[in-house]
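Please open the structure in a viewer and keep the selection tool at hand.

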Amino acid sequence: MKKLKLLLLFVVSLSVNLRAQAPVKEIPLTRILFIFDCSLSMSGKWQTSSKMDVSKKILMKTIDTLSKTKNLEIALRMYGHQSSLFPERDCKDTKLEVPFSKNNFAAIKNRIKNASPKGTTPIAYTLEQCGADFPDNKARNIVFLITDGVEECDGDPCAISAALQKKGVVLQPFVLGVGIDENFKKTFECMGKYFDAANEKMFESAMGIIISQALNSTTAQVNLLDAYGKPTETNVNMSFYDMRAEQLKYNFIHTLNHKGNPDTIPLDPLPTYKMVVHTIPPIVKDSIDLTPGKHNIIAVDAPQGYLNLKVTSMNLNDQANLKYIIRKNKEMQTLNVQSADKTEKYLTGKYDIEILTMPRLVVPDVIISQSKTTSVQIPQLGLANIVMSTVGYGSLYLVEKNELKWVYNFSDNSTKETLNLLPGKYRAVFRSKSSKESIYTYDREFKVEPGGSVTVKLF
């Protein structure tokens, strides 16, 4: 009974330790910077009131909802609210009115309530300034622009937005257009995710969608399809890059869960992703846009098989040191340098293998098939002991069809070379350093047998 209790205690302790070692998934802090357009055009009549009053009402309602959200900080920047259009436009009229903090919701609502439209629309300059509004780039930094007009100060909002994303300062911005002319909508699409509010009802609906996309969790599964179109391939790293920021966001080792299905992974829905599946060769899929708050399926063709390399009856240490260069069939780019003591996984297809024996051996048109192991076996090597009476200059050649093919240059500081060679006919050519006449060249032909040993004397 005592032994049983000890065993149960050990099992419980082991279970606790394993859970303790598992990575903890922390919910990232989200920061939303609201940029509120207070330019004079916002005073224009729209729906039941003015654009400004409708925007104020819905934005304050949204902030009430956000005040109950955990792990969220918000801030407020305005533009066009300090200087009037007359006598001239103020293209630097923007200000961070309420900075990020944990309990600033009432302050933001109060500032919005008292805002009045006055000036122009310096969107590019405002975006440029908002980069410094975020305390750091470790959180999910989101810009949410509410505007009724296009840039009026000759800036380039799209270029500024792209620069902020590339630096990793912010994720892809949201832009909510309030009664914007159809002809101007395209000018905002390059800035980020654009939502059109043609009327008050659409404004409130779009606001809800944007907040949902900014805050709700999004999941995905990656289906690595085999040659039969089934998601059976697994156990390979997947890298997800933010295409706009050109930054690595995630690494996940692909896994099949206990039901044999691709595992679910959490992904931020805001970036547009490039996914690299690190098979050999790698698979790249770009322009991946996720549906926020939903379970997304990303499928790529990734049929794979195995390659096993072996030298007949070779010493294990020598075999481990032998390297194999793997290339796609009829291509020069090296995909992998594989050791003979390792079985490696490759995408299905045809490959060429260059084996770093002496001389080098090329095995073309090696076929890798789905879930099968292709074995490549090369002849057993032989041993050649090259002995010189003194140091000097010389080379080793393979004899093929009465022609010499260079294999190896002897060291000019040694009197002995021990070489593992492929079976075949060879010639060794040598002259000592002290000999100043070419006629004192030694020329010896010899043969290497599989598993055999031969001594060649160059004196």
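Is the crossing of H2 and H7 left-handed or right-handed? Before turning the view to decide, please note that this is a predicted model.

**First stop: the helix pair**

Select residues 51-66, which form helix H2, and then residues 200-215, which form helix H7. Two packed helices are described by the angle between their axes and by the distance between those axes. Here the axes of H2 and H7 come within 11 Å and cross at roughly 30°. Angles under 35 degrees count as roughly parallel, and H2 and H7 are therefore roughly parallel to each other. The crossing of the two helices is right-handed.

Next, display the side chains where the helices meet. On the H2 side, the residues include Val54, Ser55, Ile58, Leu59 and Leu66. Their counterparts in H7 include Phe203, Met207, Ile211 and Leu215.

**Second stop: lysine 56**

Remain in helix H2 and select lysine 56. Is this lysine buried or exposed? Lysine 56 has a relative accessibility of 11% and therefore counts as buried, the cut-off being under 20%. Leaving aside neighbours within four places in sequence, lysine 56 is in contact with Phe36, Ile112, Lys113, Asn114 and Ala115. Within this group, look at lysine 113: its backbone oxygen lies 3.0 Å from a polar atom of the lysine 56 side chain.

Return to H7 and follow the chain into the loop between H7 and E9, where threonine 218 lies. Threonine 218 has a relative accessible area of 3% and is buried. A polar atom of its side chain lies 2.9 Å from the backbone nitrogen of glycine 293. Beyond neighbours within four places in sequence, the contacts of threonine 218 include Ile265, Pro266, Leu290, Gly293 and Asn296.

**Last stop: the sheet**

Continue to strand E9, residues 219-225. E9 belongs to an open sheet of three strands, in the order E12-E9-E15, with mixed pairing. Strands E12 (265-266) and E15 (295-301) stand at the edges with a single partner strand each, so one side of each is left without a neighbour in the sheet. E9 and E12 pair in the antiparallel sense over two bridges. To finish, select alanine 220, which stands opposite isoleucine 265 in E12.

How values were computed:
Residues are numbered from 1 along each chain as its sequence is written. This is a predicted model: local features need pLDDT of at least 70, side-chain atom pairs count only at pLDDT 80 or more; totals for chains, interfaces and linings use all residues. Side-chain values use heavy atoms; hydrogens and water are left out. Helices (H or I, at least four residues) and strands (E, at least two) are DSSP runs, numbered from the N terminus. Buried means under 20% relative accessible area, exposed over 50%, partly exposed in between (1.4 Å probe, protein chains only). Contact means heavy atoms within 4.5 Å. A polar contact is a pair of N or O atoms within 3.5 Å; within protein, one must be able to donate a hydrogen and the other to accept it, and residues adjacent in sequence count only if both atoms are side-chain atoms. Two strands pair if DSSP finds at least two bridges between them. Axes are lines fitted to C-alpha atoms, for helices over the stretch in contact, and angles run from 0 to 180 degrees between N-to-C directions. Angles under 35 degrees count as roughly parallel, over 145 as roughly antiparallel, 65 to 115 as roughly perpendicular and the rest as oblique. A crossing is left-handed if the near helix is turned anticlockwise from the far one by less than a right angle, and right-handed if clockwise.
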